[in-house]
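Dear colleague,

Please find below the structure I promised to pass on, together with its sequence. My notes come after it.

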Amino acid sequence: MQQFDRDLMLLVNDVARLLRTRFDQYARAHGMTRAQWVIVARLNAIPGLSQNEMASLLEVEPISVGRLIDRLEARGMVERRADPTDRRVRRLHLLPGAQPILDQISRYRDLLGEELLAGVDAEARVQMIDGLLQMKNNLTAEHATQIAVGA
């Protein structure tokens with residue numbers, strides 16, 4: 001039996017929780033929530049997501065994303081635009097007012113990343129990332145379904 005302090009699943013969960021907590025604290029200090037920061041960062045990477053697509057990425061209900069978008073719209077950071085092929089869908093796009101927040105997120109990510117990886121050499125970092133990517137791939141729906149069907 002593994003010791004709890006060396007249990008991989010518990011460690012991954014603990015690190016993820018600590019990162020979320022840190023981002024929550026920093027976002028609140030800047031008048032936002034972590035969820036709002038995630039929306040802004042995701043839209044920067046993938047412009048034009050629908051609210052439903054964003055809700056799926058955030059693993060929350062679309063109504064929750066709608067409220068978050070309402071607040072970001074009121075702050076001049078995000079706008080909803082009609083989808084050219086489906087009038088029921090609204091696409092989310094960043095406005096120039098989001099740039100200062102994106103800059104803050106980027107700076108904080110860099111600082112937190114340095115803190116997170118302090119004392120971990122470059123080779124170990126590459127191996128961790130490769131390992132985590134493999135774990136993520138192992139847990140994707142398609143792979144998990146294949147395992148469940150075979151079981």
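This is a predicted model: local features need pLDDT of at least 70, side-chain atom pairs count only at pLDDT 80 or more; totals for chains, interfaces and linings use all residues.

Residues are numbered from 1 along each chain as its sequence is written, and side-chain values use heavy atoms, with hydrogens and water left out.

In helix α3 (residues 51–58), Q51, M54, A55 and L58 are buried, where helices are DSSP runs of H or I with at least four residues, strands are E runs of at least two, and both are numbered from the N terminus. Buried means under 20% relative accessible area, exposed over 50% and partly exposed in between, with a 1.4 Å probe and protein chains only. Seen down the axis of α3, these buried residues fall within an arc of 100 degrees (taken from the directions from the helix axis to the C-beta atoms), so they line one face of the helix. N52 and S56, on the other side of α3, are exposed.

M54 touches I39, R42, L43, L49, V65 and L92, leaving aside residues up to four places away in sequence; contact means heavy atoms within 4.5 Å.

M54 is also among the residues with the most contacts inside the largest nonpolar core, which has 24 residues; such a core is a set of buried Ala, Val, Leu, Ile, Met, Phe, Trp, Tyr and Cys residues joined through side-chain atoms within 4.5 Å. The largest share of this core, 5 residues, comes from α5.

M135 lies in helix α6 and is partly exposed, with a relative accessible area of 32%.

Best regards
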